Amino acid sequence: MIHIDRSMVGLAAATLILAAAGGFVPDWLAFILTLALAKALVVQGVVLQMRAGLVSFGQGLFFCVGGYAVGMGGHFFGINDAPVLLLAGALAAVALAAVLGLLMTRYRDIFFAMLSLALSMILFGVLVKSSELGSTDGFNVHPATFFGLSFKTEAYKTALYLLTVLLAGGGALVLHLVHHSGLGRMWEAIRENEIRVEYLGLSPRWLLYANYLLAAAFAALGGGLTALATGHIDPEMSFWTTSGEFVFIALLGGTSHVAAPMVAAVLFAFVRTYAIEFTPHTWQMILGFVLLGIIVFLPKGLWSLVRSEKRAKA
Amino acid sequence: MKNIVQKTLAVMAAAGTLAAMPVHAAENGKFRVGVVTFLSGAAAGPFGVPSINGAKVLVDALNQGKVPAPYNVKGINGLEIETVVIDENGGATKQVEEFRNLAERHKVDAVVGYISSGDCLAISPVAEELGVPTVFFDCGTSRLFEENKTPRYVFRTGLDAAIDNIAAARYLVDSGRKVEAIAGIQQNYAWGQDSWGDFTAAIKQLKPGVKVTTEQFPKIFQGQYGAEISALALSNPDVIHSSFWGGDMEALVLQGNARGLFDKRSAILTCGESALDRFKGQASNGLIVGGRGPFGAFAPKNTLSDWFHAAYMAKNEIEPTYPAYKMVQAILGLKAAAEKAAAGKAGTVPGKDALVGAFSNLTFESVSGSVNMSRAKGHQALQGIAYGEYHYDAKTKKASLKNIKAYAGECVTPPDGTTAGEWIKAGFPGAKCGG
């Protein structure tokens with residue numbers, strides 16, 4: 001029997017409110033939210049690894065695999081159903097992670113970070129040299145159907161928005177349960193003291209292997225949704241700056257709650273789009289100052305605002 | 001600490017209010033245009049900044065009604081032009097997001113922009129979906145209208161990159177140079193790969209039996225080309241072709257020149273014109289440069305180009321290069337189409353469908369001469385292109401172009417319905433080169 005706590009009720013409510021809001025918000029806002037929530041899914045994976053003490057600068061690898069699975073599924077294999085494509089992307093990413101994980105789980109700290117970055121850049125290099133896949137220009141993604149139903153443009157965007165909200169909300173719920181399960185606690189224990197975990201008779205390597213696979217699946221889902229929403233994919237998805245953005249958002253939100261990546265991803269999207277609008281020449285500087293501000297004043301991320309309030313009440 | 005947290009919250013709340021604030025629709029009696037170009041990153045210096053400077057000069061002059069005829073009507077159709085400037089840096093996903101913002105939040109009447117081919121390919125279906133008249137001013141991918149076969153809202157006033165390379169091959173052969181062995185150095189991404197593919201195919205057609213001695217594909221923004229220059233020099237080709245642009249191109253020219261790479265052989269740079277004033281004598285005389293069309297130093301002398309050159313020089317320190325001309329051409333095309341669509345009803349914004357209807361197959365005057373929107377079902381400009389040799393006068397410290405040879409659009413552009421690759425392989429059927 002699953003114990004239902006306040007966070008879960010909150011998450012479910014937030015998901016329902018977001019889903020319902022899809023009918024009222026203007027299209028541009030729905031699009032920004034779709035992209036932000038898709039990104040939040042990837043960031044969930046990054047946070048998952050951070051909770052186990054690992055920082056990945058190469059999550060773009062699985063993000064890109066998810067995106068290309070959706071694009072290539074439509075182009076070369078004639079699969080056009082969004083849920084099938086997303087599932088295919090997630091499976092492809094997990095399969096790849098199952099191989100790479102054997103190597104990656106041997107490394108920690110900066111070595112893990114650098115190696116993950118290197119692997120994603122290998123995929124970038126391969127894609128850039130593949131002129132059949134459009135090299136750096138990438139290619140367009142065919143519009144997909146949803147469980148066999150096809151929609152016209154307006155309804156298509158709404159359907160995709162709903163799917164993204166449900167996946168982001170559902171994914172967060174699952175991760176919340178995982179974080180509070182024995183496995184989740186063990187990951188935190190590995191972060192705190194890996195040797196002690198070994199003395200408990202557990203293998204940190206295989207625990208981290210599971211963590212790596214789960215993070216890859218989330219990244220691929222995010223990548224697939226991004227590809228469907230944008231309608232175009234290119235190798236930039238696996239470039240290191242893309243992976244850096246995920247780490248940026250993870251730090252922005254903090255790692256203490258599964259809702260944090262979602263809040264941070266949405267805030268990041270808004271800060272960026274308005275920074276571009278108001279200061280087109282210096283928008284990167286604004287983003288930089290925001291991160292600096294968060295690190296200096298809220299070292300545990302945005303979510304510490306919520307936490308500190310709770311503590312003050314108690 | 002508590003205080004700071006409260007302040008942060010207050011700022012965030014303010015930001016939230018700002019985000020929720022609806023931006024006024026373009027019903028303020030102005031013609032609103034989204035302008036998208038690189039304002040940061042490696043493409044900003046050589047392309048983005050000259051193009052945005054060109055746009056500023058033109059839009060200011062149009063709003064004051066100071067542009068010579070036939071563009072002496074104030075703004076666009078008598079309405080002041082209001083621009084929303086967006087940075088193109090950051091990848092195609094972000095550009096799609098920003099394009100949707102332009103269309104739906106800013107409610108722009110049209111969008112002009114995009115240098116990166118990847119961005120153009122990603123924006124094209126979105127522009128068609130949202131029904132926003134969109135003018136691509138620079139991106140050169142041949143795939144644009146191969147993928148968007150029935151364009152309605154998407155236009156391109158710049159030329160296809162295949163034309164650069166077909167004309168480059170023709171220039172080399174027509175100028176009677178020794179072309180028996182060729183070598184290439186290209187940035188390893190879509191632009192470089194496509195350029196080299198088109199160029200080698202074209203030169204093999206024009207000069208059967210030509211040998212490729214080496215092809216170098218260093219990664220983009222590498223900056224140091226010591227090894228590649230050695231490989232090129234050792235393979236001893238008659239001609240070196242490069243589609244390098246920006247800082248990479250300048251680095252290649254500087255490093256290659258210092259090592260005598262360009263002595264005793266021809267070298268052709270398809271994007272060379274954008275650095276004409278920046279070489280400052282550090283490039284070897286006789287280097288063949290292109291400007292991706294009749295732009296920049298290749299622009300013909302006419303009232304509009306003379307006016308633009310003077311107006312640009314009054315506000316900027318260096319000469320306008322081809323990206324500035326191409327941007328101006330895109331905006332002039334939009335203005336011509338909008339005014340034709342308004343059909344004499346000054347002071348109104350024409351309907352989007354009327355605008356795109358008027359734009360397709362339009363012939364308009366530009367800083368590069370007459371532009372014919374006659375390809376890709378009336379959505380792609382057909383224009384000539386020219387190549388010339390770089391010459392630097394140490395006394396006047398001015399660079400100039402010699403031995404310029406221009407090719408008509410019909411000579412170097414594949415007919416509709418044929419891809420550039422197919423057309424070159426078939427031996428340029430129907431090309432009209434006028435001797």
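## A tour of chains A and B

Begin in chain B by selecting B:Ile182, whose bridge partner in strand E8(B) is B:Val239. Keep in mind throughout that this is a predicted model.

Now widen the selection to strand E6 of chain B, residues 181–185, where 4 of the 5 residues are buried and the strand is thus mostly covered. On one pairing, select strand E8 of chain B, residues 239–242, which runs parallel to E6(B) and is joined to it by 4 bridges. Within this pairing you will also find B:Gly184, standing opposite B:His241 of E8(B).

To see one of the paired positions, pick B:Ala183 and then B:Thr214, its bridge partner in E7(B). If you follow the chain from E6(B) to E7(B), you pass through helix H7 of chain B, residues 190–206, and this β-α-β crossover is right-handed.

With these three strands still displayed, select helix H8 of chain B, residues 226–235, which lies across E6, E7 and E8 of chain B and runs at about 170° to E7(B).

Then step back to the whole sheet in chain B, an open sheet of 7 strands with mixed pairing, in which the order is E7-E6-E8-E9-E10-E14-E15. Its edge strands, each pairing on one side only, are E7 and strand E15 of chain B, residues 398–407.

For the next stop, select helix H2 of chain A, residues 27–51, together with helix H3 of chain B, residues 92–105, which pack with their axes 8 Å apart at an angle of about 160°. H2(A) and H3(B) are therefore roughly antiparallel to each other, and H2(A) passes H3(B) in a left-handed crossing. Show the side chains where they meet: A:Trp28, A:Phe31 and A:Leu35 are among the residues on the H2(A) side, and B:Arg100 and B:Glu104 are among those on the H3(B) side.

Finish within chain A by selecting helix H4, residues 82–104, and helix H9, residues 204–230, which pack at an angle of about 145° with their axes 8 Å apart. Here H4(A) passes H9(A) in a right-handed crossing. The residues that meet include A:Leu85, A:Gly89, A:Ala93 and A:Met104 from H4(A), and A:Tyr209, A:Ala216, A:Gly223 and A:Leu228 from H9(A).

Key: Residues are numbered from 1 along each chain as its sequence is written. Chains are lettered from A and ligands numbered from 1 in the order in which they are written. This is a predicted model: local features need pLDDT of at least 70, side-chain atom pairs count only at pLDDT 80 or more; totals for chains, interfaces and linings use all residues. A residue is buried if 20 or more other C-beta atoms lie within 10 Å of its own, exposed if 12 or fewer, and partly exposed in between; C-beta atoms are placed from the backbone. Helices (H or I, at least four residues) and strands (E, at least two) are DSSP runs, numbered from the N terminus. Two strands pair if DSSP finds at least two bridges between them. A crossover is right-handed if, with the strands pointing away from the viewer, the path from the first strand over the helix to the second runs clockwise. Axes are lines fitted to C-alpha atoms, for helices over the stretch in contact, and angles run from 0 to 180 degrees between N-to-C directions. Angles under 35 degrees count as roughly parallel, over 145 as roughly antiparallel, 65 to 115 as roughly perpendicular and the rest as oblique. A crossing is left-handed if the near helix is turned anticlockwise from the far one by less than a right angle, and right-handed if clockwise. Two residues are in contact if their C-beta atoms, placed from the backbone, lie within 7 Å.
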